[in-house]
Each structure stands twice: as C-alpha cells, then as structure tokens.
Amino acid sequence: MALCTGLVALAVFGPWLLRHAAPALVRVPRLAIVVVAGGIGVWLVTLLAIGPVLAWAGAGPALLPERAAEICQRCLTAANPFSADTTETLIPAVLLLALPVALALALGAGLARQMVRRSSRSRDAARTLLHGARRQLLHGHEVALVDAEHPFALTFPDRHGGIVLSTGAVRALGPGELAAVLAHEHAHLHQRHHLITALVDSIAAYLRWVPLIRAVADALPHYLEIAADDQARRHAGTRALVSALVKLGERTHPAMPQHSCPVALHAAGPERIRHLVHPSAGLAGALPAVAIAAYLVGMAALAALVHLPYVSAALTGCTI
C-alpha cells in the first residue's frame, strides 16, 4: 500500500514540487540533474516493485506445472522477509512476478530502440550541418567551423562532431565571449549531457503521459544549460558569458539550422540571462528541494527492500 500510494503521489505531485524547488535547484544545477533525472529511475524501480510485493501477500491459483510451481513457491518463500500468512487471491503469484519482468524487458527494448533512432538522427544532422566544415583549434578546443553568417554554437556528441561554431559566431564574439561559449559547449561534452538527454527523452517517448516524467523531460534541458553556464562563467566570467548569449540570441532564430535542433545542445540565449545576472538567493525553494530528495531516498529504500531479497534468493538458489 505504501509503495502504491508513494508511486501515485510522486507521479501526481512531483511536478508541483519540481516547480517550487526550482529556485534552489538552479543554484546547484549538477545536483539538480541527478535529482531530476534520478526521480524517473526511482519511480520506475518502484513501479516494478509492486508486483513482487503483491506476490508475497497473495496466494492465487497455480498456473505452472506442479514441479515448476513448487520451485516458484520456494523462491517466493526464500525472498519473503515477512512471516505473515498469505491471502487467497484470484491472481496467480507467477503472473505478479512475470508482469514486472515483461514490463522491464519491454521498456529496455523500447529504450534501446529510441537511443538508436536518436543516435541515427544526430549522425545525419551532423553530417548535413558539417558538410564542408573545417576543423580548427580555438582557445584549446577543437571545433568544426561552418561557413554561415548567422552566429550560432551547438554541440553534437563527440563521435558525431563535437563542438560546432559558425564563422558568423567567430566574427561576432570577442575573445572572452568566444572562450565562454567554448567552455559552455565543452561542459556539455564533459558532463555527458547528450547521454542524459537521450535517456530521459527515450523514456518520455513512452511514458510522457505520466505527469512526473513529462515535467522532468521539460525541466531537464534547463538544468543542463545552467550547469554548462556555471562551467563557462567560472572559466570566462559572467559578463563575457552574458554578452555572448545576447549576441547568439534565441535558439529558435529563423536562421538557425532547424534540422539539428532535436539532437544538438545549443548555446541558447536570453532565457538564461536573468538567472546569470540576478541569481536566486536565500532559502527560496529549499524546502521543496529537500522534500524531493527525502522522498526519493525513501522511495528508493522501499523499492530496494523489495528487489534485494529477490536478487539474494536467486543468487543463493532459493534456499530457505
């Protein structure tokens, strides 16, 4: 009951907590990424724990042959940390165990499919954008220079080209501004933001109807950009970074190469400037942020209490 209640509460009220925790989370963007993206993982692991819990509590009709049913019951008994009697139910225990396994396998296969598709789109977009580009070393970073008047900067995964700048951006940005943009893009690569985005977007492709997952998928890009901004302003200063963002403008500028938008991380513009110039201070958002962290830890602990006995029973041969 606690698992089901916690699962539904996190799915429904998680977005509200995320919104109210934002003033605190933006001050620690890398931790925020762990909390926000980790929330999806905790929710999924908790979802997969419900079936095994019900299998402990209920005793439904046997679907398996007698010998297989005996082995299944022995494994259930070996994994069950409780000594309470079971309740007769209409749902076979083996079904309660098989459904989470089937769900996990289906989700894993779907994730792999989405990741492959995303990688293919990234490769194709990079190949198109980088046609005729030349490699150059700028401020210690190897970049691909694209001959284009409109100033833009973006990053593909390393294997698909890494940092990309237009010649218009190089002409428009001063030395300090260019160093800030390159540090920002390098942070995307170094902190594996493409991988994090791909994982969360792939999960959201199937489960976006869950309010928590929809909110996380929408909020995550913001924290990734803030994390890259933190690296950039430590390297080049806030003034240079803000000035560069103003010159680069919004990512939705009509001259931007739109085909690269879904799979590239951009040095986006003014929507982050307010945070850089007037960052939130004090305890704003601290209470919801702590509540989210504590809630996730509690849910993860409950899920672990379910999954670990099953793993232990499987590893020990279901000995009682």
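What follows describes a strand and its pairing partners, and then turns to salt bridges.

The model is predicted, and the description begins with strand 6, which covers residues 163-166. Ile-163 and Leu-165 point one way from this strand, while Val-164 and Ser-166 point the other way, and all of these residues are buried.

Strand 6 pairs with strand 4 (residues 141-146), to which it runs parallel, and three bridges join the two. Within this pairing, Val-146 has Ser-166 of strand 6 as its bridge partner. Strand 6 also pairs with strand 5 (residues 153-155), here in the antiparallel sense and again over three bridges; in this case Ala-153 has Leu-165 of strand 6 as its bridge partner.

## Salt bridges

The structure holds six salt bridges, among them the pairs set out below with the separation between nitrogen and oxygen.

| Pair | N to O distance |
|---|---|
| Asp-201 and Arg-118 | 3.4 Å |
| Glu-142 and Arg-135 | 3.2 Å |
| Lys-247 and Glu-177 | 2.9 Å |

The salt bridge between Asp-201 and Arg-118 involves two helices, since Asp-201 lies in helix 7 (residues 193-207) and Arg-118 in helix 4 (residues 93-129), so the pair ties together parts that are 83 residues apart in sequence. Asp-201 is partly exposed, with a relative accessible area of 29%, whereas Arg-118 is buried, with a relative accessible area of 13%.

Lys-247 counts as partly exposed at 38% relative accessibility, while Glu-177 counts as buried at 11%, because buried means under 20% relative accessible area.

In the salt bridge between Glu-142 and Arg-135, Glu-142 is partly exposed, with a relative accessible area of 48%, and Arg-135 is likewise partly exposed, with a relative accessible area of 45%.

Note on methods
Residues numbered from 1 in each chain as written. Predicted model: local features only at pLDDT ≥ 70, side-chain atom pairs only at ≥ 80, totals over all residues. Heavy atoms only, no water. Buried < 20%, exposed > 50% of the residue type's maximum accessible area, 1.4 Å probe, protein only. Helix = DSSP H or I, 4+ residues; strand = E, 2+ residues; numbered from the N terminus. Pairing = 2+ DSSP bridges. Salt bridge = Lys/Arg side-chain N within 4 Å of Asp/Glu carboxyl O.
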